[in-house]
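Here is a short briefing to read alongside the model. Keep the viewer open and follow the topics one by one.

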Amino acid sequence: MAPSAVSGSPPPRYHSPPGGSKASDLKQASTTTTEQQSNKKPPKYVVDDFNPYHNPLKVTESEADRQYPFPDLKPCFPSDINTAPYEPITSFVDRGTFANSSKAALYGASTKIDHLSVNIGTELIGPQLHKLSAQQKDELALLVAERGVVVFRDQELSPDQLVEFGGYFGASDRPLHQHPSSGVPRRRGLDDVHVVWHDESMKPSDLAFTSTELYHSDVTFELNPPGLTALHNITNPVHGGGDTLFSSGYGLYDKLSDPMKAYCESLQAVHSGVAQAEGASKAGLHLRRPALETTHPLVRTHPVTGWKSIFANPAFTTAIAGVPRSESQMILNHLFGLMTNSPELTLRVRWQTGTVVVWDNRVTTHSATYDHWRPDPTCRRHALRVAATAEIPSLLKPDGSEGVSRQEQIWEQQGLDVQALKKRLATQKPSGGFKD
C-alpha cells in the first residue's frame, strides 16, 4: 500500500518494517532503548510547550528517533481517513451480560487477584489477554463493569491482537471507536487505534489546562460513547512517571445525598467535542468527522451491574441543559470537586512496559500525570488504545427498570439494614476538630 497523505503534520519519519511490529518486538522495547541511550551523552533538543490534547509531531529527526524500535507505531494524521457522522446504535448487548458471576474461568487463569482499593481497581497476574477464551473475556467484561479498572502486567500483545481483543467487546455494527482527530499508527490497517505519544520535544504546559480539567472519560460527546477500553503501554519513561489517575463514577454518585441524587437524575448534561475539534484544526490536523455536541443523562445506569453512576467529566461536559448558567456551573463544580479530590474514589496506576489497563469508560474518569518529561529521550512514553463502542447512555437498565446504588446493594448483600444506615447518616451531627 502506498504511503498515505498526511495533513497538517510532517510525513512519516520512518518506513514500516516488513510485517509491522510484533509482540516479541514490543517486549524488549524499554530494555533496548534504555541501553542505547545510557551510553550516550544526550544531545540538545528543541523544546516547545504543548497542549496534551493536540501535539502534532516535529519535523526534526534525532539519533534517538533513528534508533527507536517502533517507528511504525508512532502517530500520524492521514488526510484520507474520512467517516460519515456516526449513526446511533440501539442493538448493543454488553458481553458482561453473558458472564458467569463467579468469574471462575478468568480467576482460575490468574495466579494472583489483587483488589487495589475498596471502590475501584483490580490487578490480575497470570492471564495473557490474547489467549483468553470467549468465556474468560465475558467474565473480564463483568469484572471491569464492577471494578471500573483492571490491570494486567507483562502482556505479549501485538497491535493486531489488541484490535482483535478490543473489538470483541464492541457493538457488532461498529466494534471500535475511531477518534475524529487524534494520531493513528503510521502502519496502515490500524486506523481504529489511538496513539499516546510524548517525547522530549513536548514539554507540558500548565497554561492551557488545570489538573482538574484534564480528568475525562473518552469522547463522551459521541452518541454511543465507548465502554470497555484498553491501553497497552509499549515504551515507558526510564525514570518512571506518567501514571494514570482513575476516579469512580459509581462512588461519585454514592457520595451525594438522596435529594441531590434525585435532582441529578432529573438532569441532562451537554457533552461537546467542539473545543477538541477546534484545537485540532488550529494545530493543522485533519478532522475525520464533523464536531459533535450531544446531550446525555447526568446519571446513567450500567447495563450489566445495574449500578448508577455520574456521567460527566471536566474535559467534555460543558453545561447542564435547561438550568441557569450559574446553577449549571455550581452543579458541575461540585461534582468535579468530589471526583478529583476524594481519595476513596480514586486509583493511581503505575505503568510499566507491557502493562495493559482495561477500564470501563462509562463509569470512570481518568487523567494523565505529566511528571515524566525531561529534555532527552529517556522521558518517552508510547501507548496504544482501543475503545469498544457501547450503548447510548440511559438512566434506566435495558429492561426499563430502575438502577440502584452500588454501595447500597453491597450493604444489602452483606446483610446490613440499608434504611437504618441511611437514617443514621442523615441524623448524624458533625463532630468538631480534625483527628489524625
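**A buried ring and its surroundings**

Phe-246 has a relative accessible area of 0%, so this residue is buried (buried means under 20% relative accessible area, exposed over 50%, partly exposed in between, with a 1.4 Å probe and protein chains only). This is a predicted model, in which local features need pLDDT of at least 70 and side-chain atom pairs count only at pLDDT 80 or more, while totals for chains, interfaces and linings use all residues. Residues are numbered from 1 along each chain as its sequence is written, and side-chain values use heavy atoms, with hydrogens and water left out.

**Aromatic pairs**

- The whole structure holds seven aromatic pairs (rings of Phe, Tyr and Trp, the last by its six-membered ring, with centres within 6.5 Å; planes under 30 degrees apart count as stacked, over 60 as edge-to-face and the rest as tilted).
- One of them is edge-to-face: Tyr-168 and Phe-169 have ring centres 5.2 Å apart and planes at 85 degrees.
- Tyr-168 is partly exposed at 22% relative accessible area, whereas Phe-169 is buried at 4%.
- Phe-246 and Trp-359 form a tilted pair, 5.5 Å centre to centre with 55 degrees between the planes.
- That pair links distant parts of the chain, 113 residues apart: Phe-246 is in strand β10 (residues 244–248) and Trp-359 in strand β17 (residues 356–360) (helices, H or I of at least four residues, and strands, E of at least two, are DSSP runs numbered from the N terminus).
- Trp-359 is buried too, at 3% relative accessibility.
- Ring pairs also join Tyr-68, Phe-70 and Trp-197 into a cluster.

**Charges over rings**

- Lys-137 lies over the face of Tyr-168, 4.3 Å from the ring centre (the criterion is NZ of Lys or CZ of Arg within 6 Å of the ring centre and within 35 degrees of the ring normal).
- The charged end of Arg-174 sits over the ring of Tyr-86, 3.8 Å from its centre.

**Strand β7**

- In β7 (residues 194–198), five of five residues are buried.
- His-194, Val-196 and His-198 point one way, and Val-195 and Trp-197 the other.
- β7 pairs with β19 (residues 381–389) in the antiparallel sense over five bridges (two strands pair if DSSP finds at least two bridges between them).
- Val-196 stands opposite Ala-383 in β19.

**Helix α11**

- Arg-406, Glu-408 and Trp-411 are buried in α11 (residues 406–413).
- After α11 comes Gly-415, with a positive phi near 80 degrees.
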